[in-house]
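Subject: Structure handover

Hello,

Here is the structure I promised you. Please open it next to this email and follow along.

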Amino acid sequence: MTRYAMAVDLNRCQGCRACVEACKIENNTPNAVFWMHVFRLEEGEFPNTKMTFLPRPCQHCNNAPCVKVCPVGARYKREDGLVLTDFDRCIGCRYCEVACPYGVNFFNWRNPEEAWGEYQIPFDDPDLASVTGGAVPPYKNPDHDVRHGPEQRLTSGSAHFKGVMEKCTFCVHRVEQGMLPACVDTCPVQALRFGDVEDEDSPISRFLRDKESFQLLEELGTDPSVVYVGGNPPSSHAREIERPLTGV
Amino acid sequence: MTRRGIVTGGLIVTGLALMVLAYFAGAAPWCNTAVECSNPRLEWSPAIFVVGVIVAFSSALYYSMSKSDKK
Amino acid sequence: MTVAHSRVNEPLPQGVGRLSRRWFLVVGLATAGTAIGVVGWLVEHEQGMVATGMRDVGTMGGATWGLYISMVVYFVGVSFAGITVAALIRLFNLEHLKGVARMAELLTVVALLLGALAIVVDLGQPLRGLVNLFRYARPQSPFFGTFSLVVSGYLFSSLVYLYLTSRPDAARLAAKPSKLQPLYRVWAAGYEDTPDQRARDRRVTFWLALAILPLLIVAHSSLGFVFGLQVGRPGWFGTLQAPAFVVLAGVSGIGHLIVLAALVRRVLHEEHRIGMEVFTWLGRFLMLLLFVYLYFVVVEIFTAIYQPTVNEQRIGDALLTGEYAPVFWGSVAALALPAVGLAWMAVTRRWRIGWMVAFGALVNLGAIGKRFLIVAPSQTHGQLLPYPVGTYTPSLVEYAVVLGLFSLGALLIAGFMKLFPIVEMEEAAP
């Protein structure tokens, strides 16, 4: 058996948001959609302030509220722990989004072909075309059109259909090929780790061994697969000092 | 027991049976978040549930609208 | 009362089949409103849900459920009226209320249809919804109750009830020569006014009423559970949701019924059959429900301000003094004033239909407000992670669609009134 989990080392995270960028590129997520988001939090009053960073992918809960409430079983939890969305089945009621305490769900508000917004670069310019080889974004990863896992459902990548819910997939298309999720692979300081926690000798199990850890909103009983070490849960007085793009 | 009574009762029982069947043939109500709970064990079982509801209440239509047995 | 019965070529009762200028005006307005709603929905369908004011909860700082879900809950609530009143009439032999029974049942059917449509306009993939719900719907999801009990069970049983109680009238109308005679022949489906048939109808409506009443409690509770079971949304999670949903459903439903009854009484000159005793009974019932609901509101506020958790407090502040305060206090006033007014009328025993209509309309505004306040604040202000506080303002498209839903409802009721007597006809002497 395999059970995937992610460990986030808050001592190492420096808030560079390379993981956010990697996720957007890997999964072709539309404007203002952040499957991976890094909170930059500030606590206290000047001059006694403290700044912390908190990466927030989907928590892939073991007792996932979104899976429970889905009226059609489009949101489901795989045997290996990934919580995924069947884009072919989702009816767009957005119940998973209101049920999720972590705010990780993103809806396809627009038609996919319009979803990426305006690119301010003249891609048809001959000089530019000679560099890009004629490719015009958005580049779509062909792996996202492949059905994954034993259930053979369409679950990876973003902006497949208008009016369908999407969220972090732990990069199921990469995990299936034995690779790490894009955010984990990109992190320059190895603050993110990913692997099989049921295997006692896997790097993530060895990393987590004997370390104090916490899960986000443990008290809700959702039992997330994302484990944080080397820090504290965000206090209720923490303020987000920067707000990411919000306009779809 | 008149024929009307039998058919009406039969419709109610059939409707309820369909509902129970469909409910338990659905995506296992007792099952939490395991992967098999995302699919009904019998596809279209929710439709059967709705049909059950309709059959059960149709008994009222039958009871009221069927022609009398006795002349 | 048998005078009218034997004559031929007499116009159908209650203005059925005759189209007046006033009717065309109402229907014209309702059609225009419906058209606006359809255009709104087409825009939404074309552009995607980006045309609405809803946005993602979390980094996007929005509410992903908004006016539409509020209207789903509201319309299903309105449907409470019909079947409750009809059932109470049968169960407790309230013969003097028979004048409003049919319009109440009609109100239930129309409100349920509108509720179902409001779900459809809220779906990102409405066509998939229509197929996949029948194919994959899961009993674990609180939506299963909404879908299986409310929309199918409740709607179908109400239709059966409306149809069975209308057959005798259809048979009476089928006996008269008119343009609509073929319709009534089909409608009556061989109804014969025999003592046996009457006894059977009495029995069947009694048992139907008995079966529908628990269904009603379960159905409205299941809508409450859609919200009340969500541990991750402060402001939603709670035991009070389900009972409060049932009671507020009654408030909006009875309020609607009072308005409709007064309208029909005025337009069709049915002062005789929709008498004051109907209004006093409905008024007392509404008053009772209002006081129970206001008690729930007080309990809710008290729990929210006494020793709230940080997250509950953020929502409580937003409701009581913050962004949502105007809607909150406006809704509370729209529910409290009618309660006091009805109590005054009950104490002094001077019932005024004009005031009651105003109260009926007012409690419905209050109910819509309260439904909105259940849906939106817990999303914009109820984040458990340190996301910034969000906002939600419905867009023009959403308002257009809601206008369309109300107009469609008016259109259906106005259309029904020209096809069939909306007040049960007086029984011919046996």
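What share of the contacts in chain A with a separation of 6 or more comes from residues 24 or more positions apart? The share is 65%. Two residues are in contact if their C-beta atoms, placed from the backbone, lie within 7 Å.

Some ground rules. This is a predicted model: local features need pLDDT of at least 70, side-chain atom pairs count only at pLDDT 80 or more, and totals for chains, interfaces and linings use all residues. Residues are numbered from 1 along each chain as its sequence is written, while chains are lettered from A and ligands numbered from 1 in the order in which they are written.

Chain A

Chain A has seven helices and eleven strands. Helices (H or I, at least four residues) and strands (E, at least two) are DSSP runs, numbered from the N terminus. The C-alpha atoms fill a box of roughly 55 × 50 × 35 Å along the principal axes. Of the 248 residues in chain A, 48% are buried. Buried means that 20 or more other C-beta atoms lie within 10 Å of a residue's own, with C-beta atoms placed from the backbone; exposed means 12 or fewer, and partly exposed is in between.

Now look for an open sheet of three strands in chain A, in the order β3-β2-β11, with antiparallel pairing. Its edge strands are β3 (50–56) and β11 (239–240), and each pairs on one side only. Two strands pair if DSSP finds at least two bridges between them. β2 (residues 37–43) and β11 of chain A have two bridges. In β11(A), Arg239(A) is the bridge partner of Glu42(A).

Chains B and C

Here 21 residues of chain B are in contact with 21 residues of chain C. On the chain B side, helix α2 (residues 45–65) gives the most, with twelve residues.

Chain C

Helix α3 (residues 67–78) of chain C is mostly covered: twelve of its twelve residues are buried. Among them are Leu67(C), Tyr74(C) and Val78(C).

Next, find Gly360(C) in helix α14 (residues 353–375) of chain C. Why is Gly360(C) counted as buried? Because 25 other C-beta atoms lie within 10 Å. Leaving aside neighbours within four places in sequence, Gly360(C) is in contact with Gly255(C), His256(C), Ile258(C) and Val259(C). The C-alpha atoms of Gly360(C) and Ile254(C) are 7.5 Å apart, although 106 residues separate the two along the chain.

Best wishes
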